[in-house]
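The questions below go through one protein chain piece by piece. Each answer works towards the name or value asked for.

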Amino acid sequence: MHRILQEIICFTAVAALLSCSRGNSNHAKDEPAVAVTVTTAGIRNAVFYNSYPGNMVALKEVELRAQVSGYITGIYFAEGKRVRKGEKLYEIDRRKYEAAYSEAQSNVKIAEANLEKAQRDADRYTDLAGQEAVARQVYDNAMTDLKNAKQQINAANSELVKTKTDYDYSLITAPFDGTIGFSEVRLGALVTPGQTLLNTVSTDDSMGVDFEVSENELGRFVKLAAGTGLAGDSTFRIILPDNSEYPYHGTLSVIDRAVDPKTGTIRVRITVPNQEKTLKPGMSCKVNVLNSNSGRQVLVPFKAVMEQLSEYFVFVVNAGNKVSQVKIQPGPRVQSDVVVLGGLEGGETIVLDGIQKLSDGSAITLTPSAVNTKK
């Protein structure tokens, strides 16, 4: 009895499976074709860029700090204006430094006079010593006085240089042509050597733009620096903070000496003209670098691409109006299209609208005004 019951159960299960199989087969045969529009994966010239955040930097920038102590007695520039190399900017009370310099000059003259006297005495005693007409001790004293006089000259000249340097430091001048910022001190302020920041001067005829690139891209930028890679005025473009494009293009000037091991990036600098003085140090911007794959590429409309688990696919129309799901390697966006770096060769017919209703092997039918081609 038990064995008969098992046979009945098995027969029932097999019958159920066969029934489901027939039902699914009939369902697949009865599945209606999906109405879609299609387009052609075209091969066209595509110009696209890689974008990097950047910052404007001055090619020359110097902080002006006091090298001597004293009170500010003169400010001779307009803040935010251009200054010329050697132009007088600040004056620190110069009276004591001028007095010390004058005293040092006088001490040099005294030392020179003493040297002349010591030299005459030494010459005279040398002659007398040759005639054995002077005591040996007197001759030795004369030689010692001559030696001391020469040392006094050296000491006096050293003091003269020191006081002259302090005197010069009491007047701060522009180190190069550039633009000066807001003054950090006012008239009457007491400044301390090496500590008090007076102002900052930076160049602005040309500006640098610094940005970070991955170490994986280093080889490409080395080729650009060597002139063996992409070249031309449009290789480096600057996008300003208001999203407008700067009218002048950049030139690669510096690649940093080392990769930052913490971030795996390296700093690159391009130089851009700044005739209108619209660029300022510290400004943020975007640097668009012409992609090395720019040129003849396969392009498809972006809306024809489907993403699944960070992978990208398109539906290619095969013979018999059925579709195959093809994995692609998408590149940058070019307006409403996307560059296809792998997976398509160009010329394939792909589904443009209706991809949400499709799966691999689905049957399709074209809507009356559906065929949309791009060449």
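**Hairpins, cores and a helix**

Q: Which residue in the turn of the hairpin formed by strand 18 and strand 19 has a positive phi of about 50°?
A: In this predicted model, strand 18 and strand 19 make a hairpin with two residues between them. The two strands run antiparallel and are joined by three bridges. The turn residue with a positive phi of about 50° is Leu309.

Q: What is the bridge partner of Gln308 in strand 19?
A: Strand 18 covers residues 306-308 and is joined to strand 19 by three bridges. For Gln308, the bridge partner in strand 19 is Glu311.

Q: How many of the seven residues of strand 19 are buried?
A: Strand 19 spans residues 311-317. Three bridges join it to strand 18, and six join it to strand 20. Strand 19 is largely enclosed by the rest of the structure, because the number of its residues that are buried is five.

Q: Which residue takes a positive phi near 80° in the hairpin of strand 19 and strand 20?
A: Strand 20 (residues 323-334) runs antiparallel to strand 19. One of the bridges pairs Phe313 with Lys327 in strand 20. Five residues lie between the strands of this hairpin, and the one with a positive phi near 80° is Gly320.

Q: What is the relative accessible area of Gln335?
A: Gln335 is in the loop between strand 20 and strand 21 (337-342). Its phi is positive, about 60°, although Gln335 is not a glycine. Gln335 is exposed, with a relative accessible area of 74%.

Q: Is Gly208 buried or exposed?
A: Gly208 lies in strand 12 (residues 206-214). Leaving aside neighbours within four places in sequence, its contacts are Asn55, Met56, Val57, Leu59, Arg269 and Ile270. Its relative accessible area is 0%, so Gly208 is buried.

Q: Which residues have the most contacts inside the largest nonpolar core?
A: Nonpolar side chains tend to be buried together in soluble globular proteins. The largest nonpolar core here has 21 residues, and those with the most contacts inside it are Phe211, Phe221, Phe236, Ile238 and Ile270. The elements giving two or more residues to this core are strand 3 (49-58), strand 12, helix 4 (218-226), strand 13 (236-239), strand 15 (265-273) and strand 16 (284-290).

Q: How many residues does the second, separate core have?
A: This core includes Val68, Ile72, Ala174 and Val185. Its number of residues is 20.

Q: Which elements do the buried residues of helix 3 pack against?
A: Helix 3 (residues 136-169) has 34 residues and reaches 50 Å from its first C-alpha to its last, close to the expected 50 Å. Its buried residues include Tyr139, Leu146, Ile153 and Tyr167. The buried residues of helix 3 pack against helix 2 (95-130) and strand 8 (171-173).

Q: Which strands stand at the edges of the open sheet of four strands?
A: The order in this sheet is 8-7-5-10, with antiparallel pairing. Each edge strand has a single partner strand, so one side of it is left without a neighbour in the sheet; the two are strand 8 and strand 10 (190-191).

Q: What is the bridge partner of Glu91 in strand 8?
A: Strand 7 (residues 88-92) and strand 8 run antiparallel and are joined by three bridges. In strand 8, Glu91 has as its bridge partner Leu171.

Q: Which side chain is joined to that of Asp93 by a polar contact of 2.8 Å?
A: Asp93 sits in the loop between strand 7 and helix 2. Asp93 counts as buried because its relative accessibility is 19%, with the cut-off at under 20%. Leaving out residues up to four places away in sequence, Asp93 touches Tyr71 and Thr73. The polar contact of 2.8 Å is with the side chain of Arg95.

Notes. Residues numbered from 1 in each chain as written. Predicted model: local features only at pLDDT ≥ 70, side-chain atom pairs only at ≥ 80, totals over all residues. Heavy atoms only, no water. Buried < 20%, exposed > 50% of the residue type's maximum accessible area, 1.4 Å probe, protein only. Contact = heavy atoms within 4.5 Å. Core = buried A, V, L, I, M, F, W, Y, C linked by side-chain atoms within 4.5 Å. Pairing = 2+ DSSP bridges. Expected span 1.5 Å × (residues − 1). Polar contact = N/O pair within 3.5 Å; in protein donor to acceptor, adjacent residues only side chain to side chain.
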